[in-house]
Amino acid sequence: MDLRQYEGCRLAKPVFLIGFMGAGKTSVAWHLARALCLDAVDADDYLEQVEGRSIADVFAEDGQDYFRDKESACLEELARRSPCLVACGGGVVTRERNIQTMRAAGMVVYLEVTPEQVLERISDTSTRPLLSDIESARATMHARLPLYEKAADATVQTEGRTLTQVASEVAQALVDGGALVCP
Ligand code: S3P
């Protein structure tokens, strides 16, 4: 499975990659962007640039509600841009307004991950203010599951799959959903 068959394809609308922390949203977005010459933005990086400080500092200094307000504002800006791949923060679905923004503007792809994998993939949890241990990851993921499912146009499983496999499945889901148009 590789991405060569999608070379020359272009995005017809923005694509939002959602899923829990550690699902691989950023890696998949960059992988696809590099392979297919598409634009990609990490929504957390974008927010950090706008704020001029790290997400950990935003949480520590102004709290989660402030962060969520900024996250919604950034998402709306990114949704208005020319179509690109947007790797969203894991909690983007916690506000109904964000789900509406994403679904109205483009296609939403949910990358599924297990709590065990999350902790395996994220060794340094200091950059993730809402991730401490496996029990909290489990509880938060459980609470968010219906929201991810509600927001998603397509779902891609990441467990036991390589980055290339996941990216290829995402690319195919985008073609099927009309977000990636091939010559
Ligand atoms: C969060 C996930 C993080 C970041 C912030 C909050 C969450 O993004 O937006 O720490 O609530 O799940 P990643 O999913 O990119 O780690």
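Residues are numbered from 1 along each chain as its sequence is written, and side-chain values use heavy atoms, with hydrogens and water left out. Because the model is predicted, local features need pLDDT of at least 70 and side-chain atom pairs count only at pLDDT 80 or more, whereas totals for chains, interfaces and linings use all residues.

The structure holds one disulfide, a term used for a pair of cysteine sulfur atoms within 2.5 Å. Cys 9 and Cys 182 form this link, with an S to S distance of 2.1 Å, and the 105 degrees about the S-S bond make the link right-handed. The pair connects distant parts of the chain, 173 residues apart, since Cys 9 lies in the segment before strand 1 (10-11) and Cys 182 in the segment after strand 7 (180-181); strands are DSSP runs of E with at least two residues, and helices are runs of H or I with at least four, both numbered from the N terminus. Cys 9 counts as buried at 5% relative accessibility, while Cys 182, at 34%, counts as partly exposed (buried means under 20% relative accessible area, exposed over 50% and partly exposed in between, with a 1.4 Å probe and protein chains only).

The sulfur of Cys 74 is 11 Å from the closest cysteine sulfur, in Cys 88, which is too far for a bond, and Cys 74 is buried with a relative accessible area of 4%. Cys 84 is likewise in no disulfide, the nearest cysteine sulfur being that of Cys 88 at 9.9 Å, and Cys 84 counts as buried at 3% relative accessibility.

The axes of helix 3 (residues 55-80) and helix 4 (residues 96-105) come within 10 Å and cross at roughly 5 degrees, the axes being lines fitted to C-alpha atoms over the stretch in contact, with angles from 0 to 180 degrees between N-to-C directions. The two helices are therefore roughly parallel, a description applied to angles under 35 degrees.

Terms used
Angles under 35 degrees count as roughly parallel, over 145 as roughly antiparallel, 65 to 115 as roughly perpendicular and the rest as oblique.
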